[in-house]
Amino acid sequence: MAAFNLNTPSFNHRKVLSSIKIGTAPVVSLPMLPQTLPDSTAFTINNTLSTLKTGGKFGKFGGKYVPETLITSLARLEAEFNLVLHDSEFQEELTTALRDYVGRETPLYFAQRLTNHYKNSEGEGPEIYLKREDLNHGGAHKINNAIAQAMIAKRMGRKSIVAATGAGQHGVATAAACAKLSLDCTIFMGATDMEKQASNVLLMKHLGAEVEAVDGTFKDASSEAIRAWVGNLETRYYLAGTAVGPHPCPSMVREFQSIIGKETRKQGMEKWGGRPDILVACIGSGSNALGLFHEFIKDEDVRLIGVEAAGFGLDSGKHAATLTRGDVGVYHGAMSYLLQDEEGQILGPHSIGVGLEYPGVGPEVGFLKETGRAEFHTATDEEAVAAYLRLCHLEGIFPALEASHALAFLEKLCPTLPNGTKVVVNISGRGDKDAAIVFQYQLDRLSD
């Protein structure tokens, strides 16, 4: 594989042609793997010495496409992760934090007026429930994972946390967890995202975090955060907030977010005596969707639906529909679907929901697509804003614009469903951070 210049390590990508198959052996030489290097790359090519470390695979997706310098650190992290999964003291401490600090369990709320909105002329339609992750401390599902990983970092003796954030929800969650556990915290955030999500930037700073502006958006902030981690592996901890990156990062995020689905199963039994029929979640990189879906993957009668950002439309070139329009490639240390052109250059994603603006998707999500276990659809900016306002007006709940994409798909889904179908939509975060964006969007539409 490409060798990294360790003075300025880069986690850019390469496109994988469909004719090339990646094995699952621990070390695989790939002299024929095509290399695509952006202008800003710090890669140097040395196919003779290059090797590919694999692990944490979901079919062909996932793995560890990283420089050798990181292999040992990732192995230590994986070992610690496996230990805490079976450590009763850690699990008890995490359970207490999730209950008393985060505020779990979050309600499974029956949206009566939204349900009525989708009834047909005969008064029939699905029953819509909202998994209220917006009610967590910090206002999003991100805290579930942030508090758990911060606990792992402290257990490993790390003093400093680095993280990247897009919409700012993971940044706020990480800053809060670090404040609680007395850890130094640096959050990398795209300069354009900082302008859009100024309120979350202020919250991070109030929580004691240092916020570093990065030219670009979330994908660029992620590269900078990983670079900062690589620069000091012995004292820093990279706290991944999305289900992407090299193993074990995607599995850790999914594991700590799976509390969402576990609670949903329990609450469904309490409310109607069974499982949900359909689960719906927005898809950026996949953390909130996997958190809801994972518990039900083996329940084949439960339909799993992910909704991506279609932005200005799939044919506009301004969207973040990775699974719908992407190809398989390697980016930020793992193989999955990416938005890329014919030469393998990353295409800049767009969504009015800043947290969905990532050109890739988690490897486990890619696997769910390839196997057909989950289905994936899209919603445009316009549809997401309409869904945001609809939930505000009908239920008095303002969802994040990211979650509004999932709500938007109800317009197409509900008319196709039998009466009484139990539909659960994951409200991954609250929408106070997006109120100004929605207001400006409405003003712009009026002026057109």
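**Cavities and buried residues**

Author: About 300 Å³ of space lies in the largest cavity. Keep in mind that this is a predicted model. The search of the whole structure finds seven cavities of 30 Å³ or more.

Reader: Which residues lie nearest the centre of the largest cavity?

Author: Start from the lining, then go to the centre. The lining holds 25 residues. His141, Lys142, Ser287, Gly355 and Glu402 lie nearest the centre. Strand 9, helix 5 (169–181) and helix 11 (287–293) each supply at least two lining residues.

Reader: What sits between strand 9 and helix 5?

Author: A loop, and glycine 166 lies in it. Is glycine 166 buried or exposed? Read its relative accessibility. Buried means under 20%. Glycine 166 has 8%, so it counts as buried. Its contacts beyond four places in sequence are Met189, Asp193, Phe218 and Val354. Valine 354 is 188 residues away along the chain, yet the two C-alpha atoms are separated by 6.1 Å.

Reader: How should I read a buried charge? Which side chain of opposite charge is nearest to arginine 158?

Author: Arginine 158 lies in the loop between helix 4 (142–155) and strand 9 (160–165). Arginine 158 is buried and has no salt bridge. The nearest side chain of opposite charge is glutamate 234, 5.1 Å away. A salt bridge needs the atoms within 4 Å.

Reader: What does the side chain of arginine 158 reach at 3.5 Å?

Author: The backbone oxygen of glutamate 234. The backbone oxygen of methionine 156 lies 3.2 Å from a polar atom of the arginine 158 side chain. Arginine 158 also touches other residues, including Arg76, Leu183 and Tyr237.

Methods:
Residues numbered from 1 in each chain as written. Predicted model: local features only at pLDDT ≥ 70, side-chain atom pairs only at ≥ 80, totals over all residues. Heavy atoms only, no water. Helix = DSSP H or I, 4+ residues; strand = E, 2+ residues; numbered from the N terminus. Buried < 20%, exposed > 50% of the residue type's maximum accessible area, 1.4 Å probe, protein only. Lys, Arg positive; Asp, Glu negative; His and termini not counted. Polar contact = N/O pair within 3.5 Å; in protein donor to acceptor, adjacent residues only side chain to side chain. Contact = heavy atoms within 4.5 Å. 1 Å grid on protein atoms, 1.4 Å probe; cavity = no way out; pocket = protein on both sides within 12 Å on 5 of 7 lines; lining within 4 Å. Points joined across faces, edges and corners; volume = space filled by probe spheres on them.
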